[in-house]
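Please look over the sequence and the model below, and then follow the account of its pockets and its sheet.

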Amino acid sequence: MTDTRFPLSPSPIHLSDQVLNDLRQRLELTRWPVDAGNEDWFYGVNRDYLQGLVEYWRTDFNWRAAEARINRYEHYRVDIDDVPVHFMRRPGAGPNPTPLILTHGWPWTFWHWSRVVDPLADPGAFGGDPDEAFDVIVPSFPGFGFSVPLPDRPDMNFWKVADVWHRLMTETLGHSRYAAAGCDVGALVTGQLGHKYADELYGIHIGSGLKLDLFTGDRAWDFSGGQPIPPGLPADVHARVLEFDRRFAVHLAAHMLDSSTLAIGLSDSPAGMLAWILRRWKSWSDNGGDLESVFSADDLLTHATIFWAENSIGTSMRTYANNNRYPWTPSHGRRPPIEAPTGITFVAHENPPGVTTEGRVEHFRGTDRAGWYNLVNVTAHDRGGHFIPWEIPDEWVADLRRTFRGRR
């Protein structure tokens with residue numbers, strides 16, 4: 001039911017038949033490459049798997065059913081500083097729900113938060129305390145999903161998005177204080193909120209402990225910093241370093257150095273777009289070699305259709321280049337830079353080389369990254385991958401609640 005006290009009018013998600021028919025025609029006309037010797041995905045996405053998924057997308061995937069699930073929630077569209085913003089809302093069910101904004105990353109969509117929205121908004125229905133209810137706001141990151149197009153703001157990056165979010169929560173929605181959480185680049189947005197607007201936040205909860213100057217420098221696309229692998233590492237640690245290189249290096253370099261070139265192909269070919277993001281969904285999630293143990297085919301294609309529908313793949317990738325082209329600068333010189341009380345959820349699939357889950361928190365507290373945050377709650381889990389609220393929703397919800405307990 002729509003909250004009549006809410007200051008905006010809802011705008012449900014709806015893709016036209018023309019968009020869906022065009023998608024099916026493009027899928028039917030896909031020209032496939034030779035992919036001999038790639039049964040193990042060594043060279044990238046395996047053609048046979050992708051071809052089967054594309055055929056299902058073309059013939060059997062039911063977007064209207066997915067659309068109906070999405071529209072069980074409220075959806076709104078606003079324009080803030082020439083930035084179109086779509087967001088999903090689940091009103092809080094409790095005596096005094098706390099406003100909470102959730103920020104996704106790449107290649108996420110707003111729908112990656114769908115598994116945590118209900119328990120966060122209505123904890124009483126899930127065995128929790130109604131006093132811990134949140135009024136949940138889930139935007140599409142500008143340039144992603146339905147927060148498009150961006151012809152007047154081609155410069156959007158994580159710290160500029162934080163300014164848009166703050167205006168959304170305080171000016172548009174009228175909250176004097178709010179909570180924030182995020183993962184991937186959404187953790188950087190959330191960290192920037194905790195840096196620049198700490199006095200107007202109850203706190204933040206994130207899925208990684210990154211430094212806000214991560215993307216500064218001439219070679220920010222090389223997360224190794226151009227350093228060779230140290231000699232003499234144990235074999236398992238050396239292998240983990242190489243695994244991380246294979247997992248993250250390609251998209252960082254491509255998005256930061258050549259995003260518009262890549263976007264030409266991915267914006268024209270839905271099969272090509274799906275292949276590019278599918279590779280990340282597979283290698284970044286904790287799936288034990290079975291992607292569909294984490295994302296069903298319908299899940300994968302729901303997210304892919306959201307990327308495809310408004311032609312957002314190019315603007316989503318450009319965010320990386322903009323993080324470097326318009327580098328972060330501090331709003332103050334106090335320590336820690338991120339003054340808002342901060343909780344972090346770590347997951348095993350992203351344990352650094354040589355670090356166990358049992359030692360993850362202690363290891364992090366010993367790094368220079370920990371000094372960026374006002375840490376109040378840090379937890380590591382022995383399962384889960386990059387898409388934390390999708391992969392381990394119960395753990396994420398429990399961690400987030402603990403971060404904000406007694407702070408609102």
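In the lining of the second largest pocket, the largest share, 9 residues, comes from α8, which spans residues 270-284; helices (H or I, at least four residues) and strands (E, at least two) are here DSSP runs, numbered from the N terminus. The model is predicted, local features need pLDDT of at least 70, side-chain atom pairs count only at pLDDT 80 or more, and totals for chains, interfaces and linings use all residues. Residues are numbered from 1 along each chain as its sequence is written, and side-chain values use heavy atoms, with hydrogens and water left out.

The second largest pocket is lined by 34 residues, and W41, Y43, G44, V45 and R279 are those nearest its centre. Besides α8, the elements giving two or more residues to this lining are α2 (47-59) and α7. A pocket is found on a 1 Å grid over the protein atoms alone, as an open set of points where a 1.4 Å probe fits, with protein on both sides within 12 Å along at least five of seven lines, and lining residues have an atom within 4 Å of a point. The volume of the second largest pocket is about 840 Å³, where grid points are joined across faces, edges and corners and a volume is the space filled by probe spheres set on the points. By class, its lining has 12 nonpolar, 11 polar and 11 charged residues, with Ala, Val, Leu, Ile, Met, Phe, Trp, Tyr, Cys and Pro counted as nonpolar, Asp, Glu, Lys and Arg as charged, and the others, Gly among them, as polar.

The largest pocket has a volume of about 1,400 Å³, and among its 46 lining residues L210, L214, F223, F244 and F248 lie nearest the centre. The helix that gives the most to this lining is α7, with 6 residues, while α6 (185-196), α7 (235-268), α10 (313-325) and α11 (360-365) each supply at least two. This lining divides into 23 nonpolar, 14 polar and 9 charged residues.

Turning to the strands, an open sheet of 8 strands with mixed pairing has the order β1-β2-β4-β3-β5-β6-β7-β8, two strands being paired if DSSP finds at least two bridges between them. Because β1 (74-80) and β8 (373-381) stand at the edges with a single partner strand each, one side of each is left without a neighbour in the sheet. The partner of β1 in an antiparallel pairing over 7 bridges is β2 (residues 83-90), where V85 is the bridge partner of V78.
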